[in-house]
Amino acid sequence: MSRLRHGMHRAVLVGASLLRDAGAGVLDAVAELSASQGHAANLERELEQARQHGRWLSDEERAELQLQGQRQAQRRRTLLVLAAASLLIPLLWPLLPIWIGLLWWPVTTRRVLVVVGAGAGATIALLVLLLVWLLLR
């Protein structure tokens with residue numbers, strides 16, 4: 001009985017060893033597959049960038065685009081926080097359309113703000129000139 005028990009014990013250990021090796025092989029295959037899928041996704045992203053720009057981008061250009069995207073994401077988060085704060089604080093409600101405009105239509109809103117700022121500056125300059133003229137008269 002001892003020989004039978006010893007043989008069964010050995011068979012179980014060999015089977016467990018085979019299963020462990022097979023499991024490790026499966027994990028390696030999954031890791032390799034996910035790495036190749038990540039590489040394929042990276043190639044697809046590079047191809048899409050090349051289509052958008054009409055040429056393949058250098059590593060520095062891709063890094064600059066990635067940095068620019070991170071800056072835009074940070075700016076968007078900041079604008080969302082400002083919009084939320086303006087929504088919660090009644091005194092800041094007049095600023096809410098500016099934050100929403102910068103979120104949804106950044107270029108147009110900046111142009112409108114520049115025109116409004118220039119108009120306000122010109123109006124203030126005219127009022128100061130008028131005040132000086134009235135004081136000196």
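Which helix does T109 lie in? T109 lies in helix α4. Keep in mind that this is a predicted model, so let's take a look at what it shows.

Start with T109 itself. T109 counts as buried because its relative accessibility is 13%, and buried means under 20%. The T109 side chain reaches the backbone oxygen of G101 at 2.9 Å. Leaving out residues up to four places away in sequence, T109 touches I98, G101 and L102.

Now for the core. The largest nonpolar core has 6 residues: L79, A83, L96, W99, L102 and L103. Both α2 and α3 give two or more residues to this core, and the largest share, 4 residues, comes from α3. In soluble globular proteins, nonpolar side chains tend to be buried together.

What about the outside? L87, L88, I89, L91 and W93 make a nonpolar surface patch of about 620 Å². One of them, L91, is found in the loop between α2 (59-88) and α3 (96-104). L91 is exposed because its relative accessible area is 77%, and exposed means over 50%.

Here are the two residues side by side:

| Residue | Relative accessible area | Class |
|---|---|---|
| T109 | 13% | buried |
| L91 | 77% | exposed |

Terms used:
Residues are numbered from 1 along each chain as its sequence is written. This is a predicted model: local features need pLDDT of at least 70, side-chain atom pairs count only at pLDDT 80 or more; totals for chains, interfaces and linings use all residues. Side-chain values use heavy atoms; hydrogens and water are left out. Patches are made of residues with over 30% relative accessible area and no salt bridge: like charges are joined within 9 Å, nonpolar side chains (Val, Leu, Ile, Met, Phe, Trp, Tyr) within 5 Å. Accessible areas come from the Shrake-Rupley method with a 1.4 Å probe; for residues, only the protein chains shown count as cover. A salt bridge is a side-chain nitrogen of Lys or Arg within 4 Å of a carboxyl oxygen of Asp or Glu. Buried means under 20% relative accessible area, exposed over 50%, partly exposed in between (1.4 Å probe, protein chains only). A nonpolar core is a set of buried Ala, Val, Leu, Ile, Met, Phe, Trp, Tyr and Cys residues joined through side-chain atoms within 4.5 Å. A polar contact is a pair of N or O atoms within 3.5 Å; within protein, one must be able to donate a hydrogen and the other to accept it, and residues adjacent in sequence count only if both atoms are side-chain atoms. Contact means heavy atoms within 4.5 Å.
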